[in-house]
Structures are given as C-alpha cells and as structure tokens.
Amino acid sequence: MRIVSGIAASPGYAVAPVHFISREAPEIVRRVIAPGEIEAEIARLDDAIGKARDQIQVLIGKLAKDLGPEESAIMESHLLILEDELTVGRAREIIRAESLNCEAALKEAVGEIIRQFHALEDSYFRERTQDLHDVEERILRILTGTDDATVVGPTAPSIVAAVDLTPSDTVTIGSRNVLAFVLGEGSRTSHVAILARSLGVPAVLGLGDEVSHLIDGDLLAVDGELGEVVLQPDAETLARFRQLAQRESRVAAKLSHLKDLPAVTPDGRTVKMMVNIELPVEVDKALDCGAEGIGLLRTEYIYFQHRTIPDEQEQLAVYGDIMRRMEGRPVLFRTLDVGGDKVQRYLGVRKESNPFLGWRGIRFLLANPPLFKSQLRAIYRAAALGPARLMFPMITGVAELRSAREICRECCDELAGEGLAHDPELEIGIMIETPASAMVADLLARECDFFSVGTNDLIQYTLAMDRLNSRVAYLYQPLHPGVLRLMRNTVQAAHAAGIWAGICGEMSSETRYAEVLLGLGFDELSMHAAQLPKVKQVVRWTPQTEAAALVEELCACDTAEAADRLLTSYLEEKKARRFASNREGRVND
Ligand code: PEP
Ligand code: MG
C-alpha cells in the first residue's frame, strides 16, 4: 500500500479499480521498405484497419447504451472512413509508390486529405478533419502497440485516471460508472475539478507522474477531502474508507431538513442560494438541494455534448427543457465561454501559447456574430418560458458590454419581426472575472442589471497563476488583499448603482469562505448542489453584522497568510461558541 498526495479538487470518498485514459499521441517512425516487404506492409495496414473496425463497433454499442443514438452516430462515420479509398486506399498506394512503412504512409494520406479539406473552407469538411484524425490515431495506436486513445468512460464502477483531461473529454466520459477522477495535472479551479464537483464525484488532481504508472485494474482508494490517493489499499484502509463514506451520507441526511428553510441570517438578511450547473442532468440535483434557481449555467458544456455547433432550435430545446424543469425559478444562462482550457475543435478555437489570455469568452463571441446571435436568440426565446437571465463571460470593460448589448437588441428586433415569443426585458449581467472589470465596476454597473463574480478567473488573473498548473496552485488565495479589494469594490459599486451582485466562482462552494462572502455583502451565492445545505447553514447561523466585522478585519490584513490565520481563528472560536450553545440547548438547526 502507498499513499500519494495531490490537490483535493472534489470532496468525497471512493474505492474502485482504475480505468486509465491515455491521451499521448503515438510516436511514428518513417522508414523506407524493401520492394519485397511491400505486400506484407499492406497486409499489416489491413490487419490494423480490421482491428480498428472491431474497436469502433464495440464503442458504438457502448455509446448507444450509455449516451443514446446521437452520440453513437459519430462513431458510425468513423467506420465509413475505414472503407474510404481516399484515406486507406491512398495509404496503400503510397506504400507501393514510395516504398514507405504503413504508419508513415497513413499519415501522409490523411495529411493530403486534410490539406484539401482546409482549402475548401467549408465547415462540414473542417469538422470531418477531427474524425479523420481520430481514425488515424486509432489505427496508428494499433500499429504501434500503444493504448487505445479513445476517451470512453468505464463500463463498470471505476476510478478514472489520466495524465490530464480536457473539459470536453470529461463530458464524453460522462458520470456513469465514474466513482472518482485522479489526474496528474490540474488544480481546484480547472474545469475537470468543477465538473467533478457538479457531478458529485470525488477528484484528486495534480498528482504528477504517479498517475502515468497506474494501469487498468489497479485498486485505488480516493480521499477527495484530503487530496490523497491510496494505491493498493490494505483491509484496514478499506474499512476506514467505508466508515468515511457512511459518515458523509449521515451528514447529508442531517442537513436535508434545511432544504425548505430560507437562507436568512439571525439578524434578518436574506441571501439567495443558487446552484451552478454544466449539464441539463444536474437540474434534478439543484432542485433536490433546495436551490432557489440556477445561478450559473455554463452553456459551453451543452455545446461539448454536440459533435457540431448546435443550432438555435437545438439550443432552445435544451434551454427550454431546463426552464420548464426549474418551474418558475430563475435560470442564469452564461453565453458560450470557450477558449482557455475549454476548446472544441469544431468551433475553430486553435491552440494558443497563452490560452487564458487569448481568444476567450466575449472576445470569441463578438468575433463570431452568427454563432453569438443563434445562442442569444435561443436564450431570449427560452426566457418566454420563465425568468431567465443572460450573462456575458470575460468582460474587461464597457465597450465589450455595449457591443454585446447591441447584438442583443438586434436579436430582439429580429425575433419581434418574426413574431417569435421571447422576453426582451430579461436581466442582462456580466461576469466580474478580470481585474479590469472589478476596477471599473462602477462604470459597468450603470449599463447592466447584475454582476456575478467569477473567482476562479479573478484569482487566476489577479495573482497571475495559471489555474491549470498544479505547481502554482498554492497561489489560489481567495483572501489575498488584492482579491479581497477587487471583490469588495465590485459589491460596493453594484449596490451604489442599485443592482445586485452575486458570486458563482468556486469560492462560494467552500464553506470556509461563507462568512467572508456574507460579510462582503453578496446578494446571491451560486455553488455546487452538494455544498448548498452546508453554506445555507452557515448563513442561518451568522449575523450579517458579525460577518461584516470579520471582513473589515480581513481587509486590514497585509498578506493572504495573515488573513487565512485570522479566518481560521475566527472559525475555531465560532465553533467553540456553537458547541457551547449546543450543550445549553440554545440552537434550533
Ligand atoms: C469563474 O471564473 O469563476 C467562473 C465561474 O467561470 P469558469 O470557471 O467557467 O471560468
Ligand atoms: Mg471564468
């Protein structure tokens, strides 16, 4: 048995065998072969194609069962590529004509077609390049004897292990049979971590090289609270994990009575308690925990579930379904926030050297008016079904907000002209997740209806720490004086302008910071469903005046470390107070 430590990215406990996902590209050697080897080389290619066909057929069956016929249809197109004369036929030709080994010939054949597709500038063909690459990689893996690269979730309860996963990989894997994620890379605010928390799946990230030594079937015990992974756990450890999991379900059961109680402080301040979701399946969890609405719908994940850009009608179907299931509770649609680590090849977001400082969020949307408009129109139309809110990501200043609002006006005019039901009055707000937006919050507050602070990016940009890089994860410091000042400025500017301010970054899911957010004056807290009862309990126990005094003291600290120590001693003292009141029978929750 061995214990390795990483970053506690999503709470919970799990014990299960590993399902390893390999994403490394196979290494290809280019070799000239002797004339006598040609037929054998072609036979080798055909054999690999046959094996690829078998793999794809298994996948089609599995995907159809797990995710539905739409997803499995994607793989059907891969079968067609295996028959395609332009691809594999051309590879055979190259083997003969250029006496090349089959790996190099296949790469050359695929490269030729892709160059032709790019020249056509047709989105259909551009999308097909991804499929071609997938098939090419599958065949090359078979030829080189490296692992299957297809990102597919486990078929039996397992712990998914990988060096890294993109957000779209994570969506493809889904949550079925996934008991935990363990990754070599990443930090608490990488999107894999966020998705894991939303799905209620424990995750330990930033484990480094340890992960690459894992193989399918290795037994692991994952502690998402401590950020530890136990390799080949002994009987005692297994018993301890069983107990921890049982205790966790007891705590959840104990907090369930809070579901229908309001989030009001003892001195009468009400805070709205909302849930962040990525996928429509999470609506039920939001309702179960007593959320008053959806405080952040990361719509990009709905795009990730589609192989091509979902059109207005497809989006409306999903958004409308969410609105209906939320039964009159508000739903905040954040427009597509791609870029950074959230890339989807069909959207044309290319690899950039500084992706988080690149073509992200509102920048991407303003550069793609037809795509932006189709999403806005779908959101405006869904708003006819209930109280929807619209929010733009990555705003840095007033000019971007104005441009986005101008496009909103165009959409409303069009919808009115077409006689389509929509709500032109829906609330429009922005994410405050860049330091610039927090600093000019007073200017922005005049031109929108609400703010929602995204601490994941706000902390990343303020402290210049890449949120995916485990080596600088220690700089995720929500109590850094720079971060606290930006948050305080944001809430004050919102209130001075008469608009509300919420927070939807991961900081709001951490009970440790609940008093701080209350004291900063946030009107709405949006978080993972599993955390909502715990945070609500803190709100119900903490007078607003006490939280505000705490924030005053925290803002006077000169370092994040000093603020952290101060918060720890406040929480310990409060716990002791609570314990004493409990013993005297003076508490009701
Ligand atoms: C944030 O940045 O805090 C946020 C909520 O957005 P995302 O995590 O999707 O970047
Ligand atoms: Mg963000």
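1. L390 is a residue of strand 12, where helices (H or I, at least four residues) and strands (E, at least two) are DSSP runs numbered from the N terminus. L390 is buried, with a relative accessible area of 0%; buried means under 20% relative accessible area, exposed over 50%, and partly exposed in between (1.4 Å probe, protein chains only). Leaving aside neighbours within four places in sequence, L390 is in contact with F333, T335, L376, I379, Y380, C408, L426, E427, I428, G429 and F450, contact being heavy atoms within 4.5 Å. L390 and A404 are 14 residues apart in sequence, and their C-alpha atoms are 11 Å apart in space.

2. On the basis of these remarks: this is a predicted model, in which local features need pLDDT of at least 70 and side-chain atom pairs count only at pLDDT 80 or more, while totals for chains, interfaces and linings use all residues. Residues are numbered from 1 along each chain as its sequence is written, chains are lettered from A and ligands numbered from 1 in the order in which they are written, and side-chain values use heavy atoms, with hydrogens and water left out.

3. M394 is placed in the loop between strand 12 (388–392) and helix 14 (398–417). Its phi is near 60°, a positive value in a residue other than glycine. Most residues other than glycine have a negative phi. M394 is buried, its relative accessible area being 1%.

4. Helix 13 (residues 369–382) and helix 14 have axes that come within 9 Å and cross at roughly 60°; this makes helix 13 oblique to helix 14. The contact is made by F372, K373, L376, R377, Y380 and R381 of helix 13, and by A404, I407, C408, E410, C411, C412, E414 and L415 of helix 14. Axes are lines fitted to C-alpha atoms, for helices over the stretch in contact, and angles run from 0 to 180 degrees between N-to-C directions. Angles under 35 degrees count as roughly parallel, over 145 as roughly antiparallel, 65 to 115 as roughly perpendicular, and the rest as oblique.

5. On the helix 17 side, T455, L458, I459 and T462 meet G482, V483, L486 and M487 of helix 18.

6. Helix 18 (residues 481–496) has 16 residues, which at 1.5 Å a residue should span 22 Å, and its end C-alpha atoms are 22 Å apart, in agreement. The expected span is 1.5 Å times one less than the number of residues. Buried residues in helix 18 include P481, V483, L484, L486 and M487. Just after helix 18, G498 takes a positive phi of about 80°.

7. The axes of helix 21 (residues 544–555) and helix 22 (residues 560–583) come within 10 Å and cross at roughly 155°, which makes helix 21 roughly antiparallel to helix 22. E546, L550, E553 and L554 in helix 21 meet A563, L566, L567, Y570, K574 and R577 in helix 22.

8. N177 lies in the loop between helix 6 (167–173) and strand 5 (178–183). N177 has a positive phi of about 65° although it is not a glycine. At 23% relative accessibility, N177 counts as partly exposed.

9. Two serines may be noted. S99, in the loop between helix 3 (85–98) and helix 4 (102–120), is buried, with a relative accessible area of 19%. Apart from neighbours within four places in sequence, S99 is in contact with R31, V32, I33, I38 and I94. S77 is in helix 2 (residues 69–83) and counts as partly exposed at 24% relative accessibility. S77 and F181 are 104 residues apart along the chain, and their C-alpha atoms are separated by 30 Å.
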